[in-house]
Amino acid sequence: MISYRRISKAVLLSSLLFLGASFAMTATAQDGKTLFSTNCASCHAVHKKLTGPALAGVEDRWPDKAKLHAWVKNSAAFLKTGDTYANNLYVEFNKTSMTQFPGLADKDIDAILAYIKTVPAPGSEKPAAGAGAPAAEGDNTLLFGVLSLILAVVALILMQVNSNLKKLANERAGEPNETPVSFWKHKSYITLGTILLFIVGGYLTTKGAMGLGRSQNYQPVQPIYYSHKVHAGINQINCLYCHGGAQEGKHSNIPSVNICMNCHLAINEYKGEKIYTEEGVEVNGTAEIQKLYKYAGFEFGKLWDATQAKPIEWTRIHNLPDHVYFNHSQHVKAGKVQCQTCHGDITKMDEVKQFADLSMGWCINCHRETKVQFKDNGFYSIYEKYHQDLKSGKIDSTKGITVESIGGTECQKCHY
Amino acid sequence: MEQKKIWQSFGELNQSEAYNKDVKDEFKEELPFVAEEGKSFLEAKAPRRDFLKYLGFSTAAAAAAASCEMPVKKSIPFANRPEDIVPGVSKYYATTYVQDGDVVSVVAKVRDGRPIKLEGNDLSPVTGGGTSARVQASVLDLYDTARLRFPTINGSEVTFDAADKSIADALKDNRNVVVLTSTITSPTTKDAIAQFLAKYPGGRHVTYDAVSYSGMLLANELTYGKKAIPSYQFNNAKAIVSIGADFLGTWLSPVEFAKQYATGKKINEKNPSMSKHIHFESVASLTGSNADEKYLHRPSETGAIAAALLSAVNGAAITGISNEKLKAGIAKAAKELLENKGAALVVSGSNDVNVQVIVNAINEAVGAGGKTINWASTLNYRQGVDADFAQLVEDMNAGKVGALLIHGANPAYTWYDADKFVAGLKKVTTSISFNTKVDETATLCKFVLPDHHFLESWGDAEAKSGYYSLIQPTIYPLFKTRQWQDSLLKWSGDSKDYLAVVKNYWSAKVGGETGWDKALQAGVINPTTIANPTGASFNSSAVAAAVAAVSSAKKGGKIELVLYEKIGIGAGQGASNPWLQELPDPVTRATWDNYVIVSPAMAKTLLNIDLNDNGQADAYEVNPPKKVVKVTVNGKSIELPALIIPGTQVDTIGIAVGYGRSENIGKAAAGVGKNAFPLASLAGASVNFSNADVTVVATEEKYPVALTQTHSRYDTAQGNRTEVMKEISLAEYKANPTEIREDREAELKPYGGLEKFEGQGTIYPVYDRPGIKWGMSVDLNSCNGCGACVVACNAENNVSVVGKPEVLRGHEMHWLRIDRYYSGDMENPNVVFQPLMCQHCDNAPCENVCPVAATNHSSEGLNQMTYNRCIGTRYCANNCPYKVRRFNWADYTGADSFPDNQEGIVNDVVLNMSDDLTRMVLNPDVTVRSRGVIEKCSFCVQRLQESKLNAKKESRPMVDSDLKVACQQSCPTNAINFGNANDKNSAVSKVRVDNPNRQFYVLEQLHVLPNVTYLAKVRNQDEEKKEGAHA
């Protein structure tokens, strides 16, 4: 028993130690990953030559770790020491000096090196199995339509049968039959038909007229198959990283090519799960990145001359009429409204489609229900009466001060 | 109380039949579908069948148009977005408006790479953020379709390289090179000219100003030994006497002077005091209209008046003046000047050296030097001496000029003897023009190398010595143009471009690169300490001769002539600008023309129009065609329509220069008015813009003039016109400060009096205004009617230009108009200007008559106008007591989908405004209105929304400095205050609290509850001229 206990103790201790050690190691690699992506990734990849050399095996190439540290921290100063390898490297990469990282401590650099070792070479990595396109949700409208049509035909037949039977019954009883009127001449049928036509026609006309100029679910094909799902969803890039204008001005700008190239200088291949177009055709992500490179005038592995870039002509999805003034920053910055509120779950859309109908009714509804940042934003301190009423309970605090209560549904808030 | 008669038009003064009919009917058009009398509806012009056809067609067309596919729009981002540019967010760059010597520091609002609006630069101590109508309009000149888009040789396009080569050949061994410019205020440009001329020995630089100040420059040289113009400090003056100097409108630096002048006119209610301004003039001017007292004289008497005033301030008797009124005026002016010694100022607009010498002597006698006149800093706006240019013309004709390089100056149009100049120019082998358009002079030049617009240029300007203003480009050059300084530098063999020159020059002075960046950001470089005014030693030896000269001057003939500049058009620079052409002249309220100004008395003798005769006054006033008169001066004659303007001397006529320009400079200038420059003459060393003996005969012809004075009138039993304006004399105001308030109280008594009027005067409820309530206050004492706000409003709010034919029909679209009111004597009345825009009534009569609720009220007190709801019934305009609503009678902006809506309906000028280039000036935050909708002042709601948003983003309450509406920003005199009236600390609240006695609402008794308050005009007049009662 005792020996067992001792053994178990030893096992427990050693496993704890091992666990702790491995935890410490993964922690380093984890830190290294973050550090790598924030500091190095814009110029280096692990297994690929970018603006700078591929970093796999860097430690073998730099036997003296102290030198490597010095190089990373201040490459220009290190070059002056006359190190042959460093100078050759400098020449090889068109005399582009490496950015200085005086802020990186030695252990940070080691963490990065540790991370580099953990990255498997391409090819050895197994792509994650694609979840596959979700089964299209059945649209039952057609089924219902067919069913109603069948039922209507059945009803008509039954009515005819009924009238024929009635006729026969009358004949048998010897009662006189009404002169038969064909049903398209029958007044009640005509009336019924007219009313039906009027209602259906009126409904369609009104709906059509109201829908003029609206384009909900508009999903044009873009010059580059750009997947928001991959960028904003899977890779969790903040919306405002690319659409920064949304918090500064009225337009939420489409990012310029240089914003794309911030990341795509390094990322030239798509290796994520398979993506499909709406039609179910598989999209070659890498080919789409090549399209971007064509616009950018960039050849992978070479230096990028940003002045060679040409703008990408995206197709505009969200269009408001000219007489509407809409300001993104009003909503995003002042109102703290989430992008998804109006644009839908963009992180799940490969190709973006217009989520809301962008009708005035839709705007107004939201303005009626949405609370403003009444207490948090100093601007509203001038609404002294409302503040008092909120305190005294005169205004329902659960409903709060909505956009409407401060005049947000008045004409000249959006039309001028 | 005695009813004071305030009137806008002669019909109103006489209460004529036509006037009374007119004011009841806002829209004078007959309905288009009206049936002819006695005919059945079927036979009418548009019978029922046609109506049904149109109905059917329009329904089908609408359906067809609607079923079209939605157009696919592209969204094209930058390839590389510059870090500091956010699409849709405006950037502001300090730069400087420069035109022929005029300099105003401005801030350009640049939206998505396009300058769309100019604002005054608050950091400039010279203009203090003020602007003028011409500054405001200059942004439109940038997008002028008539600009020359490439360099030319003999009219055909070449590249700059080719032009440089030919010019280098032409200038080689050229001995007599002359650089002819309008006044240059830029030190670096002067250096560049000097450097260029150094390469061509024997060359010289001649400065020529279309309307020169030679008289002043030479007089100052005689008496002070300086050929310069000192600074004036109207703000230090308690007594101002002007002998024909239109210093608020067109004289030297009107923006600066208007600001200074207004400080003397603003009233502190607790301790009311004002400067006194006595004005002598021959033809009604803006400054004369604002004067406290105005005396009329013949132009030929100018010298005599100056001499008499000099003898009066020296204590001697007034001689040489026969007119008793005038004599009394001179005595009064002398008395005021002497009483305010050391705080007195005399200015004169005369271009006669002798008159200016005498004026200098008067200023010395009243101690103006070092107080109201500052020699420490000179005004550099005009430096040309006419004699120099006359000599140049002689030299050219004598073949003594080898090459002539012209920038800015346009003597083929502005020189009185243009034919001689043109003849001389033909003898110059190498003529080069840098003008931006193929104007009258450039078209005669062999080489034309168009200069940039100032918004595309680098540069500097020293309008007032020691006060610099920098110019930086706000847009990439639109066309193949080049800064003319670059050309000069290139031709003088300098490898640096002008930007490098400017940068080096200033970096050395303001502390290197950082200093330069800072200066560029501020736009101005000011002296570190603003020195006190200093005088200069006066040499009186020339005075006696001057007095003798003016005393022996030729007496005037039967009728005399004055040529003057208009605020908008100037010496013709504004002629191609549609905004300026459509800006009603403050004095005559006429647009799109020049004309002969005659006095009511002369109208009787010359035109057979007796304004006291109802029928004749109506016939004159109601019908746009005015009688044409023929004016003959020294054998040259000009035929122009005659306008009757009270406040004009009986035997004097006035004609504005700047009209009758070549159609090459733009559609707006083509065929508008006639050129009056040939009527001037050279007298000694300076051009004389008046003539003492002219003949005027009436012709049989008539010519329509688009006068806006009789538009937008309103008169009913409920709202009588006379109550729109409140004016009072200072003496009366001092005697009874609460008079205006008492009047209001008496008037509102039946409805609860002043205090309870809002609640008791109506059956409507009184609404809460939580948060913000916008309010405006307009000080009529500060406002001088200059019209900067009208053009600023045009630019900010995409207000359309309608063209002369439409103005004739009363269709002008200005959201803000400046009404001109007369009171008193018909020959020499008091004039008051009142800016009138939508009053944003809290109980607005327009709102409850709109059948579709297109106009309604906001919780912030705005009277909102929603264009897309508007169906164009015009009920609102009909029901508006202020007549500030405007209807789009035609598709002025090209906003409609069908181009046919414009063709044949609007004229060329309006069509040109919807050119793709011109449309770049539009403010993208303001809807461009289409045909058939009403529009009106929105209190610049786009600015209000922006300022609120900025405050929200910073999580703080809004303050005054967040916001200036366009009219307020442009105003050189700060007459307009705007802000949140709920905020006790806002400027508008303070003005209202501080001025309870002068404050009034226009047509208050209607209980429309306007959100615009006015402060009554107080005129510094004595009791004997007692005016001031009002209804």
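## Where domains 3 and 4 of chain A meet

In this predicted model, 9 residues of domain 3 of chain A are in contact with 8 residues of domain 4 of chain A; two residues are in contact if their C-beta atoms, placed from the backbone, lie within 7 Å. The side of domain 3 of chain A that touches domain 4 of chain A has 5 nonpolar, 2 polar and 2 charged residues. Here Ala, Val, Leu, Ile, Met, Phe, Trp, Tyr, Cys and Pro count as nonpolar, Asp, Glu, Lys and Arg as charged, and the others, Gly among them, as polar.

To find these parts in chain A, look for domain 3 at 217-357 and domain 4 at 359-416. Their centres, taken over C-alpha atoms, are separated by 32 Å. Domain bounds come from an automatic or database domain assignment.

## A note on reading the model

Residues are numbered from 1 along each chain as its sequence is written, with chains lettered from A and ligands numbered from 1 in the order in which they are written. As this is a predicted model, local features need pLDDT of at least 70, side-chain atom pairs count only at pLDDT 80 or more, and totals for chains, interfaces and linings use all residues.

## Chain B against chain A

Between the chains, 42 residues of chain B are in contact with 47 residues of chain A. Helix 30 of chain B gives the most to chain B's side, with 6 residues. That side has 20 nonpolar, 14 polar and 8 charged residues. Helices (H or I, at least four residues) and strands (E, at least two) are DSSP runs, numbered from the N terminus.

Strands also link the chains: strand 3 (residues 314-315) of chain A and strand 2 of chain B run antiparallel and are joined by 2 bridges. Two strands pair if DSSP finds at least two bridges between them. In this pairing, T315(A) stands opposite K74(B).

## Domains 1 and 4 of chain B

Domain 1 of chain B covers 6-14 + 712-1025, and domain 4 covers 559-707. Their C-alpha centres lie 30 Å apart, and 28 residues of domain 1 of chain B are in contact with 26 residues of domain 4 of chain B. On the domain 1 side, helix 29 of chain B supplies the largest share, 4 residues. The residues of that side divide into 15 nonpolar, 8 polar and 5 charged.
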